[in-house]
Amino acid sequence: MKISVIGCGYLGAVHAACMAYLGHDVLGIDVDQQKVDNLNAGKAPFYEPGFPEKLSAGLDSGKLIFTTTPQAEALKDIEVHFIAVGTPQGENGAANLTYLWEAVELILDNQPNPKAVIVGKSTVPVGTAQQISARLETYNAENGTELSLIWNPEFLREGFAVEDTLHPDRIVYGTETGEENWAQQQLDKVYEIPLGEGIERILADYATAELVKTAANSFLAMKISFINAMAELCEATGGNVTTLAQAIGKDKRIGHRFLGAGLGFGGGCLPKDIRAFGARAKELGVPEAVSFLTDIDAINKRRRDRAINLSVQMLDGDVKNKKIAILGAAFKPNSDDIRDSPALEVAVRLQDMGAEVVITDPQALPLVAAAYPQLSLVENWEAAVQDAELVVLGTEWDVFKQLDPVAVAGIVSTRKVIDGRNVLSPQDWKNAGWEYHGMGRS
Ligand code: UDX
């Protein structure tokens with residue numbers, strides 16, 4: 001199939017490369033010239049395991065090309081346009097849909113193939129697909145075309161983006177009536193290989209398809225905040241949240257995944273999506289339906305406060321001029337994404353309080369340097385913990401999880417550690433003479 005992917009950020013670039021891998025001819029479109037140049041040169045604009053290989057393979061095969069200025073001629077041939085632009089947090093937490101509408105108009109301005117399918121992948125407030133569909137209907141009436149919209153939310157996790165794109169847990173299609181149509185048949189052709197592997201395709205109306213995405217992210221955020229709320233109770237009672245999670249997770253109805261208590265969630269999706277969901281519910285006149293999301297957000301933010309307060313407490317009431325090593329800056333391991341990163345927020349706040357913060361991360365340092373020039377960055381954990389009076393593990397990269405407490409003890413000034421992700425062995429660290437504090441794991 002001849003397809004375009006509009007918006008080549010995390011979602012779009014990975015989607016474009018994976019679609020080329022599935023054998024389609026893909027035109028990736030983005031307004032950022034630097035990003036497009038990098039992608040065309042085979043340079044991944046972000047750290048994502050497996051993506052550089054798929055990108056190079058697509059470029060080498062001639063099936064993948066990126067541009068900022070799509071020629072009308074090229075667009076005319078496109079059978080399926082994917083919209084994968086960002087929908088960042090705007091006013092009052094609501095999603096900003098400027099880029100989304102620009103993408104729709106970009107297609108329409110270029111006299112598209114009269115029977116093109118437009119596929120929305122961006123995360124949007126419920127009701128958006130209906131509005132885009134109405135815009136297409138007006139265009140169709142004026143131009144004698146049959147453009148049709150399918151809402152096809154994306155569930156990819158950073159760090160597993162290629163895997164999640166090629167082998168998703170499910171594929172959701174939202175159509176106008178929730179029924180099959182010719183546009184859905186076109187999209188089936190695009191996804192012929194994954195569908196052929198037996199991945200379930202769930203057909204829904206537009207509203208449901210949009211809600212599936214926000215509901216899934218809200219549920220995940222809820223699970224994390226639930227266990228972090230239990231961590232607060234463990235902190236108040238001397239309980240151990242890791243054991244608690246292990247025990248409740250044994251119940252198959254609950255399950256173990258996303259019950260990792262610690263510094264809480266960050267990144268470009270969960271925090272913004274729950275706020276946008278709350279804002280949309282308010283607009284729809286049903287704010288109470290998701291009012292619990294406000295608590296979920298608040299519990300999540302309190303974990304960062306907890307790490308700060310614990311740092312102050314462990315440094316005898318004052319962090320001023322104390323050297324603190326922060327291990328990890330990315331919002332989670334296997335990613336260089338620092339958007340709303342809990343580890344980074346803790347680092348910045350401790351520095352603002354007068355601490356001498358040194359931070360390291362296996363992948364995110366270039367982005368941290370650009371966004372937070374005031375922070376002191378070092379290449380590896382050895383340099384970070386040198387003479388430290390407190391070590392804070394903020395992101396659970398393998399290299400930090402595997403630290404040998406005896407070896408680290410020989411480098412620091414004082415043996416004090418906060419395990420912000422509950423991934424170290426308290427016993428091993430205590431045996432090596434450390435004052436160890438996890439999160440809800442006294
Ligand atoms: C998320 C969704 O998982 C994905 O389906 C959606 O498409 C986009 O948003 P992502 O932002 O890549 O993906 O990260 P995810 O793996 O969900 O982790 C989010 C945050 O939660 C991270 O900061 C992570 O450290 C934190 N987390 C995760 C916990 O604090 N505890 C857990 O048990 C799991």
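**View 1. The shell around the ligand.** In this predicted model, 20 residues surround the ligand, each with a heavy atom within 4 Å of it. Phe155, Leu156, Glu158, Gly260 and Lys332 are the closest. The shell divides into 10 nonpolar, 4 polar and 6 charged residues. Here Asp, Glu, Lys and Arg count as charged; Ala, Val, Leu, Ile, Met, Phe, Trp, Tyr, Cys and Pro count as nonpolar; the others, Gly among them, count as polar. Helix H10 (residues 206–237) gives the largest share, 4 residues.

View 2. A polar contact is a pair of N or O atoms within 3.5 Å. A backbone N or O atom of Phe155 lies 2.8 Å from a ligand oxygen atom. For a backbone N or O atom of Phe331, the distance to an oxygen atom of the ligand is 3.0 Å. The side chain of Lys213 places an N or O atom 3.1 Å from a ligand oxygen atom. Taken alone, the ligand exposes 670 Å², and the protein buries 90% of that (Shrake-Rupley method, 1.4 Å probe).

**View 3. The ligand and two domains.** Domain 1 (2–199) and domain 2 (221–438) both give residues to the shell, so the ligand lies between them. The bounds come from an automatic or database domain assignment.

**View 4. Strands E9 and E10.** Strand E9 (residues 323–327) and E10 run parallel, joined by 5 bridges. Lys323 has Glu356 in E10 as its bridge partner. In E10 (residues 356–360), 4 of the 5 residues are buried, meaning under 20% relative accessible area (1.4 Å probe, protein chains only).

**Notes.** Residues are numbered from 1 along each chain as its sequence is written. Local features need pLDDT of at least 70, side-chain atom pairs count only at pLDDT 80 or more, totals for chains, interfaces and linings use all residues, and side-chain values use heavy atoms, with hydrogens and water left out.

Definitions and conventions: Polar contact = N/O pair within 3.5 Å; in protein donor to acceptor, adjacent residues only side chain to side chain. Helix = DSSP H or I, 4+ residues; strand = E, 2+ residues; numbered from the N terminus. Buried < 20%, exposed > 50% of the residue type's maximum accessible area, 1.4 Å probe, protein only. Pairing = 2+ DSSP bridges.
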